[in-house]
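Hi,

Here is the structure I promised to pass on. Have a look at it first, and then read my notes below.

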Amino acid sequence: MPAPERIPPRSLTSAELLAKGELTVLGRIREASNAVLYCSVAYGDDSAECVYKPVAGERPLWDFPDGTLAQREVAAYEVSQATGWDLVPPTVLRDGPYGEGMVQLWIEPVEEDSGLLALVDDEEPAEGWKAVALAEVGEGRTALLVHADDDRLRRLAVLDAVINNGDRKGGHLLPAPGGRLYGIDHGVTFNVDDKLRTLLWGWAGEPLTSEAVGALKGLAEALRPLEPLAVRLGGLITAAELDAVRSRVEALLATGVHPAPSGEWPAIPWPPV
């Protein structure tokens, strides 16, 4: 009788590896405003590089009194996954060498030939670009800040509107191999009040794409009480913040357009990179 075929062990998903693997701190990313540690994570034959942001290294924010930066980073990943767009690297909440924190897969960015953001001397953006705002560039000069008219950026603009991202800077955009684009640093999100602050205003007032409408409709269903996504988010953000997410999704579907700056909050993050 022939021996039964041996089934090879299943490799872990990136999220499973981040959650189960052993974290080893390799260094610190010093330019970050909060503690950000560069680590390796390993479980059996699986390993990867990652970022670990312990809650103990967070600076308190007066306008975000509830929860933690780490929890909001994980919540942003959960919402991103629910859209089907996979815009945020795999992110989990777990214990680590310095206590509970956010652990996110490290993305090594690649250089893009066309770029995503630029300052130009023209009064209007060139074809393939969207205007954001005039920017001071020194010595009394101004230049037009533009971003690429790129479907990947447009999806991120929709995600940011849903999670109320208060800090979408240029440095938080990571072009990855294979033409992928990720957004990172989502600790300042999910506030009940409108705090959307981003460099991706180029589509403000324009109709949402049919793809975005479909993603938002699916998200609205996933956010219904007792649905798995709603339950997971309920453990990461407050009930009022979760209701605000639902309201923002409903508002986007009702208006059918990308939001515009409210005028009640600085529209552009500083520094912008």
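**The cavity, the pockets and the rest**

The largest cavity holds about 80 Å³ of space. Bear in mind that this is a predicted model. Searching the whole structure turns up one cavity of 30 Å³ or more. Its lining is made up of Ala157, Asp160, Ala161, Leu196, Thr198, Leu200, Trp201, Trp203, Ala204, His258 and Pro259. By class, that lining splits into eight nonpolar residues, two polar and one charged.

On to the open sites. The largest pocket comes out at about 1100 Å³. It has 41 lining residues, and those closest to its centre are Ala32, Ser33, Lys53, His172 and Asp185. E3, H2 and E5 are the elements that each give two or more residues to this lining. The lining of the largest pocket counts 22 nonpolar, nine polar and 10 charged residues.

The second largest pocket has about 300 Å³. Of its 21 lining residues, Ala161, Asp194, Leu196, Arg248 and Pro259 sit nearest the centre. Helix H6 (residues 239-255) is the top contributor to the lining of the second largest pocket, giving six residues. Five strands make an open sheet, ordered E1-E2-E3-E5-E4, with antiparallel pairing. Strand E1 (22-28) and strand E4 (91-96) are at the edges, each pairing on one side only. From one strand to the next, the twist averages 40°. E1 and strand E2 (residues 37-43) run antiparallel and are joined by six bridges; Gly27, for instance, has Tyr38 in E2 as its bridge partner.

What lies across strand E3 (46-54), E4 and strand E5 (99-105)? That would be helix H2 (residues 69-83), which runs at about 145° to E4.

Finally, a helix pair. Helix H3 (residues 151-163) packs with helix H4 (residues 210-222) at an angle of about 35°, and their axes are 11 Å apart. The crossing of H3 past H4 is right-handed. On the H3 side the contact involves Arg155, Val158 and Val162, which meet Glu211, Ala212, Leu216 and Leu219 in H4. Five of the residues in this contact are nonpolar, two are charged and no polar ones take part.

Cheers

Conventions: Residues are numbered from 1 along each chain as its sequence is written. This is a predicted model: local features need pLDDT of at least 70, side-chain atom pairs count only at pLDDT 80 or more; totals for chains, interfaces and linings use all residues. Side-chain values use heavy atoms; hydrogens and water are left out. Two strands pair if DSSP finds at least two bridges between them. Helices (H or I, at least four residues) and strands (E, at least two) are DSSP runs, numbered from the N terminus. Axes are lines fitted to C-alpha atoms, for helices over the stretch in contact, and angles run from 0 to 180 degrees between N-to-C directions. Contact means heavy atoms within 4.5 Å. On a 1 Å grid over the protein atoms alone, a cavity is a set of points where a 1.4 Å probe fits but cannot get out, and a pocket is an open set with protein on both sides within 12 Å along at least five of seven lines; lining residues have an atom within 4 Å of a point. Grid points are joined across faces, edges and corners, and a volume is the space filled by probe spheres set on the points. Ala, Val, Leu, Ile, Met, Phe, Trp, Tyr, Cys and Pro count as nonpolar, Asp, Glu, Lys and Arg as charged, and the others, Gly among them, as polar. A crossing is left-handed if the near helix is turned anticlockwise from the far one by less than a right angle, and right-handed if clockwise.
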